[in-house]
Amino acid sequence: MVKKKQGKNVAGMAVLQDIRSLLSSAGSQQEAGQERKGEELENRDEIQRLEGQLGQIREQLKREHDAFLKSEAEKQELEKKLNDRQQVAKPAATSKDMNTREIADLQAKKDELETALSRIEDLLQIKTKDLIKRLSRVYEEAGDFDAGRDFRRISNQLESSEAFGAFLNGLVKW
């Protein structure tokens, strides 16, 4: 029997392992290089897409800026026209040549508007009371007597506040 030298086999095995590890690392580096190239291509595509979007945004921003400048110019023109008209209207409005007839006409229009406003308030109060009574009846017919009672209470409070408002109005006129 021939004895084999164990030292050489172990050394040979270590060398083989080193070679294998180098080969596997070289293969993984190649794979990593290919992955990087793929990522670079994807990144380039992404950059091109984003540059296209940036160009579109720039164009839109330029259009909006132009529209803004145009509206500012129109605003300044309108302000100038308004100032011109106000300067023309001031002497006419402040002149002491307003005769008593114009003042009387204005007072009559004011009185007419106050009367119309008073009538509108009265009609609104009547319609509000009618609506509250209808709502009360609807809830009572539906069997919700508590809600009906609440609406009647609201109606009574509304009438009380109207009476108080008339009292205050009378005091102010007195």
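Select arginine 49 first. At 42% relative accessibility, arginine 49 is partly exposed; that class lies between buried (under 20% relative accessible area) and exposed (over 50%), with a 1.4 Å probe and protein chains only. The model is predicted: local features need pLDDT of at least 70, side-chain atom pairs count only at pLDDT 80 or more, and totals for chains, interfaces and linings use all residues. Residues are numbered from 1 along each chain as its sequence is written, and side-chain values use heavy atoms, with hydrogens and water left out.

**Stop 1: helix 1**

The term covers a side-chain nitrogen of Lys or Arg within 4 Å of a carboxyl oxygen of Asp or Glu. Glutamate 46 is partly exposed too, at 35%. Both residues sit in helix 1 (residues 6–94), three residues apart, so about one helical turn separates them. An α-helix has 3.6 residues a turn, so residues three or four places apart point the same way.

Stay in helix 1 and select glutamate 77 with lysine 81. Their side chains form a salt bridge at 3.6 Å, N to O. Here the spacing is four residues, again about one helical turn. Lysine 81 is partly exposed at 42%, and glutamate 77 is partly exposed at 47%.

**Stop 2: the whole chain**

Zoom out. The chain has three helices and zero strands, in the order α-α-α. Helices (H or I, at least four residues) and strands (E, at least two) are DSSP runs, numbered from the N terminus. Buried residues make up 4% of the 174 residues. The chain exposes about 16200 Å², of which carbon and sulfur atoms supply 57%. Accessible areas come from the Shrake-Rupley method with a 1.4 Å probe; for residues, only the protein chains shown count as cover.

Now colour by pLDDT, the predictor's confidence in each residue, from 0 to 100. The chain mean is 78, and 81% of residues reach 70 or more. Helix 1 has the lowest confidence, at a mean of 76, and helix 2 the highest, at 84.

**Stop 3: helix 2**

Select residues 100–141, which make up helix 2. How far apart are its end C-alpha atoms? They are 61 Å apart, which agrees with the 62 Å that 42 residues should span at 1.5 Å a residue. The expected span is 1.5 Å times one less than the number of residues. Then pick glycine 143, which follows helix 2 and has a positive phi, near 95°.

**Stop 4: helix 3**

Go to aspartate 150 and arginine 153. Their side chains meet in a salt bridge at 3.3 Å, N to O. They are three residues apart in helix 3, about one helical turn. Aspartate 150 is partly exposed at 33%, and arginine 153 is partly exposed at 42%. A search of the whole structure finds six salt bridges.

Next, select glutamate 162, also in helix 3. Is it buried or exposed? Glutamate 162 is buried, at 16%. Leaving aside neighbours within four places in sequence, glutamate 162 is in contact (heavy atoms within 4.5 Å) with Gln125 and Lys129.

**Last stop: a nonpolar patch**

Select Phe164, Phe167, Leu168, Leu171 and Trp174. Together they form a nonpolar surface patch with about 640 Å² of accessible area. Patches are made of residues with over 30% relative accessible area and no salt bridge: like charges are joined within 9 Å, nonpolar side chains (Val, Leu, Ile, Met, Phe, Trp, Tyr) within 5 Å. Finish on phenylalanine 167, in helix 3 (residues 145–173). Phenylalanine 167 is partly exposed, at 49%.
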